[in-house]
Amino acid sequence: MIVLPRDLDLPDRDKVLSQAIPFDRARWIPVLPDATWWPAELDSCPVVGKWPQVDRRTVFSIALKADTVEGRRHLLVAALVWGTGTKARSVDRRAQIFRHSLNTDIDARLDAALAALQGRGAAEAYWAFNNDQHIPHLGAAFFTKVLYFAGGESPVCPYRPVILDSVVSRALKNLGTVGADWPENGWTTDQYRQYLKGVHDCAQKRGVLTEQVEAALFSCGKQLP
(Lines give C-alpha, C1' and ligand atoms only; values in the text may rest on other atoms or scores of the structure.)
Protein backbone atom coordinates (compact mmCIF):
# COMPACT_ATOMS: atom_id res chain seq x y z
CA MET A 1 0.00 0.00 0.00
CA ILE A 2 1.23 3.50 -0.88
CA VAL A 3 0.07 6.27 1.48
CA LEU A 4 1.33 9.71 0.48
CA PRO A 5 1.98 12.39 3.12
CA ARG A 6 -0.80 14.86 3.87
CA ASP A 7 1.55 17.84 3.65
CA LEU A 8 2.73 17.17 0.08
CA ASP A 9 2.98 20.57 -1.64
CA LEU A 10 0.59 20.37 -4.60
CA PRO A 11 0.69 22.71 -7.63
CA ASP A 12 -2.59 24.05 -9.04
CA ARG A 13 -3.89 22.37 -12.17
CA ASP A 14 -3.19 25.28 -14.49
CA LYS A 15 0.47 25.15 -13.51
CA VAL A 16 0.52 21.41 -14.20
CA LEU A 17 -1.11 21.78 -17.62
CA SER A 18 1.33 24.57 -18.45
CA GLN A 19 4.39 22.40 -17.73
CA ALA A 20 6.33 22.92 -20.97
CA ILE A 21 9.32 21.04 -22.36
CA PRO A 22 11.62 22.39 -25.11
CA PHE A 23 12.12 20.31 -28.24
CA ASP A 24 14.11 20.38 -31.46
CA ARG A 25 11.92 19.55 -34.46
CA ALA A 26 14.99 19.09 -36.66
CA ARG A 27 16.15 16.19 -34.51
CA TRP A 28 12.78 14.43 -34.57
CA ILE A 29 11.69 14.53 -38.21
CA PRO A 30 14.58 12.36 -39.54
CA VAL A 31 14.00 9.61 -36.94
CA LEU A 32 10.25 9.20 -37.53
CA PRO A 33 9.00 6.65 -40.07
CA ASP A 34 7.85 9.57 -42.23
CA ALA A 35 6.72 13.18 -41.83
CA THR A 36 3.04 12.22 -41.39
CA TRP A 37 3.83 10.96 -37.89
CA TRP A 38 4.61 14.52 -36.76
CA PRO A 39 1.61 16.29 -35.16
CA ALA A 40 0.97 19.66 -36.80
CA GLU A 41 0.05 21.12 -33.41
CA LEU A 42 3.71 20.99 -32.39
CA ASP A 43 4.56 23.48 -35.12
CA SER A 44 2.35 26.05 -33.40
CA CYS A 45 4.07 25.78 -30.03
CA PRO A 46 5.57 29.03 -28.69
CA VAL A 47 9.31 29.54 -28.98
CA VAL A 48 11.01 30.39 -25.71
CA GLY A 49 14.64 31.33 -26.17
CA LYS A 50 16.18 28.95 -28.69
CA TRP A 51 13.52 26.24 -28.73
CA PRO A 52 9.76 25.79 -29.13
CA GLN A 53 8.11 24.35 -26.02
CA VAL A 54 5.22 21.90 -25.79
CA ASP A 55 3.08 21.77 -22.67
CA ARG A 56 0.73 19.14 -21.27
CA ARG A 57 -2.29 21.06 -22.49
CA THR A 58 -1.12 20.77 -26.12
CA VAL A 59 -0.48 17.02 -25.84
CA PHE A 60 -3.97 16.55 -24.38
CA SER A 61 -5.41 18.35 -27.42
CA ILE A 62 -3.49 15.99 -29.71
CA ALA A 63 -4.75 12.99 -27.74
CA LEU A 64 -8.36 13.95 -28.50
CA LYS A 65 -7.81 12.53 -31.99
CA ALA A 66 -6.45 9.18 -30.82
CA ASP A 67 -9.47 7.33 -32.20
CA THR A 68 -7.71 6.99 -35.57
CA VAL A 69 -4.45 5.36 -36.63
CA GLU A 70 -2.93 8.75 -37.47
CA GLY A 71 -4.21 10.21 -34.22
CA ARG A 72 -2.61 7.44 -32.16
CA ARG A 73 0.67 7.95 -34.00
CA HIS A 74 0.51 11.66 -33.23
CA LEU A 75 -0.26 10.95 -29.57
CA LEU A 76 2.75 8.65 -29.29
CA VAL A 77 5.09 11.17 -30.90
CA ALA A 78 3.74 14.10 -28.88
CA ALA A 79 4.14 12.18 -25.60
CA LEU A 80 7.70 11.24 -26.57
CA VAL A 81 8.57 14.82 -27.53
CA TRP A 82 7.09 16.22 -24.29
CA GLY A 83 9.03 13.73 -22.21
CA THR A 84 12.39 13.93 -23.98
CA GLY A 85 13.84 17.43 -24.30
CA THR A 86 16.36 18.65 -26.86
CA LYS A 87 19.43 16.48 -26.34
CA ALA A 88 20.41 14.49 -29.43
CA ARG A 89 21.23 11.42 -27.34
CA SER A 90 17.80 11.44 -25.69
CA VAL A 91 16.00 11.79 -29.02
CA ASP A 92 18.10 8.97 -30.46
CA ARG A 93 17.05 6.69 -27.61
CA ARG A 94 13.40 7.34 -28.38
CA ALA A 95 14.11 6.77 -32.08
CA GLN A 96 14.87 3.11 -31.30
CA ILE A 97 11.11 2.62 -31.03
CA PHE A 98 10.70 3.31 -34.73
CA ARG A 99 13.87 1.56 -35.86
CA HIS A 100 12.99 -1.78 -34.31
CA SER A 101 9.29 -2.14 -35.12
CA LEU A 102 7.18 -2.10 -38.24
CA ASN A 103 4.68 0.75 -38.48
CA THR A 104 1.85 -1.77 -38.58
CA ASP A 105 3.07 -3.43 -35.38
CA ILE A 106 3.25 -0.09 -33.55
CA ASP A 107 -0.22 0.79 -34.80
CA ALA A 108 -1.72 -2.53 -33.69
CA ARG A 109 -0.13 -2.44 -30.25
CA LEU A 110 -1.12 1.18 -29.60
CA ASP A 111 -4.67 0.41 -30.64
CA ALA A 112 -4.93 -2.65 -28.39
CA ALA A 113 -3.36 -0.99 -25.33
CA LEU A 114 -5.53 2.12 -25.60
CA ALA A 115 -8.61 -0.07 -26.08
CA ALA A 116 -7.64 -1.84 -22.85
CA LEU A 117 -7.43 1.56 -21.14
CA GLN A 118 -10.94 2.53 -22.17
CA GLY A 119 -12.44 -0.90 -21.64
CA ARG A 120 -10.68 -2.28 -18.58
CA GLY A 121 -8.77 0.57 -16.94
CA ALA A 122 -5.28 1.94 -16.46
CA ALA A 123 -3.72 -1.08 -14.73
CA GLU A 124 -4.91 -3.43 -17.47
CA ALA A 125 -3.59 -1.06 -20.12
CA TYR A 126 -0.26 -0.98 -18.28
CA TRP A 127 -0.21 -4.78 -18.32
CA ALA A 128 -0.94 -4.76 -22.05
CA PHE A 129 1.89 -2.35 -22.88
CA ASN A 130 4.21 -4.34 -20.62
CA ASN A 131 3.29 -7.74 -22.05
CA ASP A 132 1.20 -8.74 -25.08
CA GLN A 133 1.23 -5.26 -26.63
CA HIS A 134 4.81 -4.33 -25.72
CA ILE A 135 6.49 -2.03 -28.23
CA PRO A 136 10.26 -2.62 -28.11
CA HIS A 137 12.17 0.31 -26.56
CA LEU A 138 8.96 1.92 -25.27
CA GLY A 139 9.34 1.54 -21.52
CA ALA A 140 6.94 2.26 -18.70
CA ALA A 141 8.24 5.79 -18.12
CA PHE A 142 6.99 6.71 -21.58
CA PHE A 143 4.03 4.41 -22.14
CA THR A 144 2.51 5.70 -18.89
CA LYS A 145 2.79 9.16 -20.46
CA VAL A 146 0.85 7.86 -23.47
CA LEU A 147 -1.78 6.39 -21.13
CA TYR A 148 -1.99 9.59 -19.09
CA PHE A 149 -2.63 11.79 -22.09
CA ALA A 150 -4.98 9.24 -23.67
CA GLY A 151 -7.02 9.23 -20.45
CA GLY A 152 -7.84 12.91 -20.90
CA GLU A 153 -11.02 14.01 -19.17
CA SER A 154 -12.87 10.75 -19.79
CA PRO A 155 -13.83 8.67 -16.74
CA VAL A 156 -11.41 5.75 -16.43
CA CYS A 157 -12.31 3.41 -13.58
CA PRO A 158 -11.34 2.72 -10.93
CA TYR A 159 -8.28 4.97 -11.31
CA ARG A 160 -7.18 7.48 -13.92
CA PRO A 161 -3.84 6.74 -15.63
CA VAL A 162 -0.92 8.60 -14.08
CA ILE A 163 2.71 8.97 -15.20
CA LEU A 164 5.28 6.84 -13.37
CA ASP A 165 8.94 7.39 -14.18
CA SER A 166 12.29 7.17 -12.37
CA VAL A 167 12.00 10.71 -10.98
CA VAL A 168 8.60 10.00 -9.43
CA SER A 169 9.90 6.64 -8.19
CA ARG A 170 12.81 8.30 -6.40
CA ALA A 171 10.36 10.67 -4.70
CA LEU A 172 8.21 7.77 -3.52
CA LYS A 173 11.26 6.12 -1.95
CA ASN A 174 12.53 9.35 -0.41
CA LEU A 175 9.13 10.02 1.18
CA GLY A 176 9.19 6.54 2.70
CA THR A 177 5.97 5.48 1.00
CA VAL A 178 7.53 2.42 -0.69
CA GLY A 179 10.12 -0.10 0.42
CA ALA A 180 13.84 0.02 -0.30
CA ASP A 181 13.38 -2.65 -2.98
CA TRP A 182 10.97 -0.48 -5.01
CA PRO A 183 12.57 -0.20 -8.48
CA GLU A 184 13.39 3.05 -10.29
CA ASN A 185 12.05 1.49 -13.51
CA GLY A 186 10.48 -1.72 -14.75
CA TRP A 187 7.56 -1.74 -12.33
CA THR A 188 5.15 -4.66 -12.26
CA THR A 189 1.47 -4.19 -12.98
CA ASP A 190 0.71 -4.68 -9.28
CA GLN A 191 3.21 -1.95 -8.35
CA TYR A 192 1.64 0.40 -10.88
CA ARG A 193 -1.80 -0.42 -9.47
CA GLN A 194 -0.56 0.39 -5.95
CA TYR A 195 0.83 3.67 -7.24
CA LEU A 196 -2.45 4.55 -8.97
CA LYS A 197 -4.41 3.88 -5.78
CA GLY A 198 -1.99 5.89 -3.64
CA VAL A 199 -2.14 8.88 -5.97
CA HIS A 200 -5.93 8.56 -6.31
CA ASP A 201 -6.46 8.40 -2.55
CA CYS A 202 -4.21 11.42 -1.97
CA ALA A 203 -6.01 13.40 -4.66
CA GLN A 204 -9.41 12.50 -3.20
CA LYS A 205 -8.40 13.59 0.30
CA ARG A 206 -6.94 16.87 -0.94
CA GLY A 207 -9.75 17.65 -3.39
CA VAL A 208 -7.43 17.81 -6.41
CA LEU A 209 -6.78 15.82 -9.58
CA THR A 210 -4.33 12.92 -9.71
CA GLU A 211 -2.02 14.73 -12.13
CA GLN A 212 -1.44 17.41 -9.50
CA VAL A 213 -0.19 14.74 -7.11
CA GLU A 214 2.01 13.21 -9.81
CA ALA A 215 3.47 16.63 -10.65
CA ALA A 216 4.21 17.22 -6.97
CA LEU A 217 6.02 13.88 -6.75
CA PHE A 218 8.00 14.71 -9.89
CA SER A 219 9.00 18.06 -8.41
CA CYS A 220 10.15 16.30 -5.22
CA GLY A 221 12.14 13.79 -7.21
CA LYS A 222 13.86 16.45 -9.29
CA GLN A 223 15.21 18.06 -6.13
CA LEU A 224 16.92 14.88 -4.96
CA PRO A 225 20.65 14.35 -5.63
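Phe149 has a relative accessibility of 1% and therefore counts as buried, a term that stands for under 20% relative accessible area, with exposed meaning over 50% and partly exposed what lies in between (1.4 Å probe, protein chains only). The model is a predicted one, in which local features need pLDDT of at least 70 and side-chain atom pairs count only at pLDDT 80 or more, while totals for chains, interfaces and linings use all residues. Residues are numbered from 1 along each chain as its sequence is written, and side-chain values use heavy atoms, with hydrogens and water left out.

In the whole structure, 10 aromatic pairs are found, a pair being two rings of Phe, Tyr or Trp (its six-membered ring) with centres within 6.5 Å, called stacked if the planes are under 30 degrees apart, edge-to-face if over 60 and tilted otherwise. Phe60 and Phe149 are edge-to-face, because their ring centres lie 5.0 Å apart with the planes at 70°. This pair joins distant parts of the chain, since Phe60 belongs to helix H3 and Phe149 to helix H8, 89 residues apart; helices here are DSSP runs (H or I, at least four residues) numbered from the N terminus. Phe60, at 13% relative accessibility, is buried. Elsewhere, ring pairs link Tyr126, Phe129, Phe143, Tyr192 and Tyr195 into a cluster.

Phe149 leads on to the second largest pocket, where Phe149 is among the residues nearest the centre, together with Ala63, Leu64, Ala150 and Gly151, in a lining of 20 residues. A pocket is an open set of points on a 1 Å grid over the protein atoms alone, where a 1.4 Å probe fits, with protein on both sides within 12 Å along at least five of seven lines, and lining residues have an atom within 4 Å of a point. This pocket holds about 350 Å³ of space, and H6 gives the most to its lining, with 5 residues.

The largest pocket holds about 780 Å³, and of its 30 lining residues the closest to the centre are Gly83, Phe142, Lys145, Asp165 and Val167. Helix H8 gives the most to this lining, with 4 residues. The charged end of Lys145 sits over the ring of Phe142, 4.7 Å from its centre, the criterion being NZ of Lys or CZ of Arg within 6 Å of the ring centre and within 35 degrees of the ring normal.

How values were computed. Points joined across faces, edges and corners; volume = space filled by probe spheres on them. Helix = DSSP H or I, 4+ residues; strand = E, 2+ residues; numbered from the N terminus.
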